[in-house]
Amino acid sequence: MKILKRFDKWMAMVAIVCVAMLTGCGKSANEGESAQGEPKADEAATEKTEVQAESESAGEDAASPEGLSALVSNWQSAPISVSPKGAKANIEDFALAFCSKYDSYEPNKKMLKYFANPKAYNEDAEIYRVESDITNGYIRSFLLTEIVRATEMCYWNRKNGHSLVGVFMENGSENSDSETAFMFYDYDPKTNVMTADKDVYKVVADVALDKDFPSYALELPKKGKDIVVNLYSDNGEEGYDITEKLLKWNGDSFTLVAE
């Protein structure tokens, strides 16, 4: 009996040692060094964070204010072809043509996605809303955050049968002032081509690009025909004052309304 008890005790000790060795091997394989060629869990997490940060940084750079001026720097020498879906071009036809020309700008990209399937467009997922009013010839694509980032367009019917197409783009940023740009095109329905209208651009630029004001914004008409130019100046109290100027449509261009 003593021999059996001693043998049983010895077997129990051997079993305990084996379990300990197996447990140690399992931890080494799962919690220590990973399989050959694969990073450790903490290293993988670090790499994932770095990749995500790089991706977010790239996204910020793509939508940075510096990118807007470079994007549209040659607009006056770059005609745009329009493909009307009906007998007469409407605001969505003009917007589709313009946004396709400058599709690297985020608000334009979202507008193109909206055009592809308006019913399926999810503004919550895209974080962009597209407001389209074909009847009044107005459309806007804008970011649904505190940062102002948008493309706004409308058009006017001219006396000669052409259309004047206006574009205002604003690219805001958390770390710097917003960058703005505007363009005006004459659309010829016979050729279906939008070409830069330098005369109208100059009329608006003489008001909007006033050196006495560091920044501006255009309010293209959602209804009606006139443009409001908002000129911003620092009021010295961590805010700004707004001076409004009204550009009245005269059937071909705009006239500044005297104060």
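Here is a short briefing on strands, helices and aromatic rings.

This is a predicted model, so local features need pLDDT of at least 70 and side-chain atom pairs count only at pLDDT 80 or more, while totals for chains, interfaces and linings use all residues. Residues are numbered from 1 along each chain as its sequence is written, and side-chain values use heavy atoms, leaving out hydrogens and water. Helices (H or I, at least four residues) and strands (E, at least two) are DSSP runs, numbered from the N terminus.

**The open sheet**
- You'll find 4 strands in an open sheet, ordered β8-β9-β10-β11, with antiparallel pairing; two strands pair if DSSP finds at least two bridges between them.
- β8 (215-219) and β11 (254-256) sit at the edges with a single partner strand each, so one side of each has no neighbour in the sheet.
- From one strand to the next, the twist averages 30°.
- Strands β9 (residues 227-234) and β10 (residues 240-249) are antiparallel and joined by 8 bridges; Asp 234 has Tyr 240 in β10 as its bridge partner.
- Lying across β8, β9, β10 and β11 is helix α7 (residues 198-208), which runs at about 30° to β9. Such angles run from 0 to 180 degrees between N-to-C directions, with axes fitted as lines to C-alpha atoms, for helices over the stretch in contact.

**A hairpin**
- Strands β2 (residues 128-133) and β3 (residues 138-143) run antiparallel, with 6 bridges joining them.
- The two form a hairpin with 4 residues between them, and Gly 137 in the turn has a positive phi of about 65°.
- Across from Ser 132 you'll see Ile 139 in β3.

**Two crossing helices**
- The axes of α4 (residues 91-101) and α5 (residues 106-116) come within 9 Å and cross at roughly 130°.
- That makes α4 and α5 oblique to each other (under 35 degrees is roughly parallel, over 145 roughly antiparallel, 65 to 115 roughly perpendicular, and the rest oblique).
- Residues that meet here include Leu 96 and Phe 98 in α4, and Met 111 and Phe 115 in α5; contact means heavy atoms within 4.5 Å.

**Aromatic pairs**
- The structure holds 18 aromatic pairs: rings of Phe, Tyr and Trp (its six-membered ring) whose centres lie within 6.5 Å, with planes under 30 degrees apart counted as stacked, over 60 as edge-to-face and the rest as tilted.
- Phe 182 and Tyr 216 make an edge-to-face pair, at 5.9 Å centre to centre and 90° between the planes.
- Phe 182 is in strand β6 (residues 179-188) and Tyr 216 in β8, so this pair ties together parts 34 residues apart in sequence.
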